[in-house]
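Hi,

Here is the structure you were waiting for. Please look it over before you read on.

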Amino acid sequence: MTALDTRLSPLPPATGRAGLRGAIASEWTKIRSVRSTYWTLAALLVVSVGIGAAIAGGTDANFSHNLGNKAGFDATQTSLIAFFEIGQLIIAVIAALAITSEYSTGMMRTSLTAQPRRGTVYAAKAIVLTSLTLIVSLVTAFIAFFVGQALLSSSGVSASLFHTVTIPQNANVTCPGKGLGGGGPGLPPGCKVVFSGSYVIHPSTVLMAIIGCALFVTLVALIAFGIGALVRHTAAAIAIAIAALFIIPVLEQALPSQWRWDIMRFLPDAANQVVSVTIGANANQHLWSAWPQLGVTALWAAALVAAGAYLFRKRDA
Amino acid sequence: MIEVRGLTKRYGDKTAVDGLTFAIEPGMVTGFLGPNGAGKTTTMRCILGLDYPDAGTVAVDGHDYHELGYPMREVGALLDAKAVHGGRSAYNHLLCLAQTNNLPKSRVGEVLELVGLSEVAKKRSKGFSLGMSQRLGIAATMLGDPKVLMFDEPVNGLDPEGILWIRNLMKSLAAEGRTVFVSSHLMSEMEYTADHLIVIGRGKLIADCSMSDFIARSSGAAVRVRTPMADELIKAVTAEGATTATDDGAIEVRGMTAEAVGDIAFEQGIRLHELTMVHASLEEAFMELTASSVEYHAGIPGAQATIESGV
C-alpha cells in the first residue's frame, strides 16, 4: 500500500470563533454560484419590465379612443403593477429556494456541520436574501417605472421623478345642444372631452411609491423564506406562499362586503394596493394608508421568519 | 478524542440509539461496525450536533460540537457524499464551506489537488460519479486540517480503485496522529484499516475492543472432531467446561483448544478420526456477534445466534 501524502500547508492560527461574517460570505457564495438564482432574477426583470411595458403601451394606445381615461390616471401604478403582482411571485420562488434547496439536496447537513450554530446560519441566509432582493427589487422597480413612463410620455399624463405633474381630475363629454354626457368610446361627431379639476403629483410621492413597491416585494421574499424554513420543502413552500399572496386575497373577495375589508387589511398582500398609488383619491379607502399597511406585511414577514428560526434551531437537521 | 456517554436517540417510538457509551482515541483508525439500521449514522449525526440526543452527552475534545470555535479545524465529517447542491461547482462548494470557518481561499485549491479533482474544479458536481463525489466530500473534510475525521460508510458503492484510495487515505490520516472514525456494515472493510473496533447492534454497544483482541477472540472459536465414540467425547469435554454442538456427524467443541481436546480424548481412550481447528473469519465472527441484533433478518447462512452479548 502506498501511503498518501495528506499534509497540507499550515493554516494561519485562528482566534475567536466562526461567526456571522464568515456565514454571510458563505451564503453569498451559495446564492451566486447556482444558475437558478440568475434564471429567476432574469425572469423577474423580463416579467416586471416586459409586462409592465405592455400594459403601459396598451394603455397609451387606448387613450386615443378613450381620451377621458386620462382623468385620474395613475401612471406610476400602471408601470409597476406587473412588478408587484407577478414579480412578487418570482421573488417568492428565489426566497423559498434559498433555504429549501439545501434540504432537497442534503446540503443543509453539510452546512450545519461546518457551522453548527444554527442561529448564525439562519441569520446569514436572511441577511443575504434581504440584501439581494432589496437591491434587485429597487433596480427592477426603477427600470419598470422609466420604461413605462417612456411609453406613456406622449399622453401627457405620465409620471415623473423630476418635476411635478398635473393631471385632470374629471373628464366630461360635451356635445353642442345635448348637454353633458358620459365619455364613452367613439365620440359622436361634434362632441369633445372636457377636463375639469386637477391632481398634482409631486416627485416625492412617485419616489415613495417606487420604493414602497420594492420594500413590499422584499418583505414578500422574507415571507416565502420563513415559510420555506417551516415546511423545508420547495414545492410546498412555493404553493403556500402563492396561496397566501395570490389565492386567499381572491377568495376573500367573495366575503360579504360589510366585513371583508376588516379581514383584507390584515392580509400580507393588501399593502400593494396602497403603496403603489400616487393619487390619494384613488387609494382603496377601506385599507389603511401605505406605511401602516406595509407594517402589516412586515409583521407577517417577522412572524414567519421568527417561527422559521425557532424550528430551524429546534428540529433535527 | 470523541466521547459518547449514555447516548440515546429516539425517532417517534423507535429507539435508534440506546444508551451508547464509548470513546474514540486519537492516532488510530476506529472502525464503527454494525448491521444496517444499527444506529451508526444516528450516532454520527448526534456527535455532529445535527440531531439532538434524547439522553446522554457527546463531546469533541471535551466540548459540545455546537461550541467549537472553528468546527472545521476540529472535525472533518463526511456523512453523505451526495449531500451537496448539484448545481454548484466543486470549487464553489468548497469555497462556501471554507468561508464559514474563515479559512483562506487558497485552501480550496489545495484540497482539490489532494483528492485529485483540480481538473473538474469548475464543473458542477451534478455530473460527478459516486467516486468523484466521495473525493469532493473528503476534500471538504480536509479544508480545516482537522484533528478528527469521521466517515460514514465511505466505500459504499465505490470501485476497487476508489476503495483502495480511501483505505490508504484513512491509514495515512491516522499515521499523522489524527483521530479517524469510520463506519461500515462490512467487517471485511475494517480488516485492513481499523486498529480499534466499536460494534453496535440495535443501537446498543456489543463490543469495544482492539482489532487484535477481536481477532484473538474469534479465531480458534471451535474445534471440529469426528469420532465413533461421540457420546463419550461430549461427556468428557463438557466435564471440562466446553460446549458442544453436533453438525453433520461432526462435533463442534467450543471453549477449548484443539490440543486440549486431543489430550482429553487420549486420556479417556477415545479414538479420533478428525481433529480440526475451525478458524472463523472475521466476517463470520462479526456476523455471530451481531446476528441477534440484525434489524431485518434474511436468514444468514452459517450465522447462528450462539454468542450474544457475552463479549
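Predicted model: local features only at pLDDT ≥ 70, side-chain atom pairs only at ≥ 80, totals over all residues.

Residues are numbered from 1 along each chain as its sequence is written, with chains lettered from A and ligands numbered from 1 in written order.

Chain B has eleven helices and 13 strands (DSSP runs, H or I of at least four residues and E of at least two, numbered from the N terminus). Its C-alpha trace spans about 80 × 40 × 35 Å along the principal axes. Of its 311 residues, 46% are buried (20 or more other C-beta atoms within 10 Å of their own, C-beta atoms being placed from the backbone).

Take helix α5 (residues 130-142) of chain B. Ten of its 13 residues are buried, so α5(B) is largely enclosed by the rest of the structure. Among them are R135(B), L136(B) and M142(B). The buried residues pack against α4 (107-114) of chain A. They also pack against parts of chain B, including β5 (75-78) and α6 (160-175). Contact here puts C-beta atoms, placed from the backbone, within 7 Å.

Now chain A. The axes of α1 (residues 20-32) and α5 (residues 118-152) come within 8 Å and cross at roughly 55 degrees (lines fitted to C-alpha atoms over the stretch in contact, angles from 0 to 180 degrees between N-to-C directions). Residues meeting there include W28(A) in α1(A) and L132(A) in α5(A).

Best wishes

Technical notes:
Buried ≥ 20, exposed ≤ 12 C-beta atoms within 10 Å, placed from the backbone. Contact = placed C-beta atoms within 7 Å.
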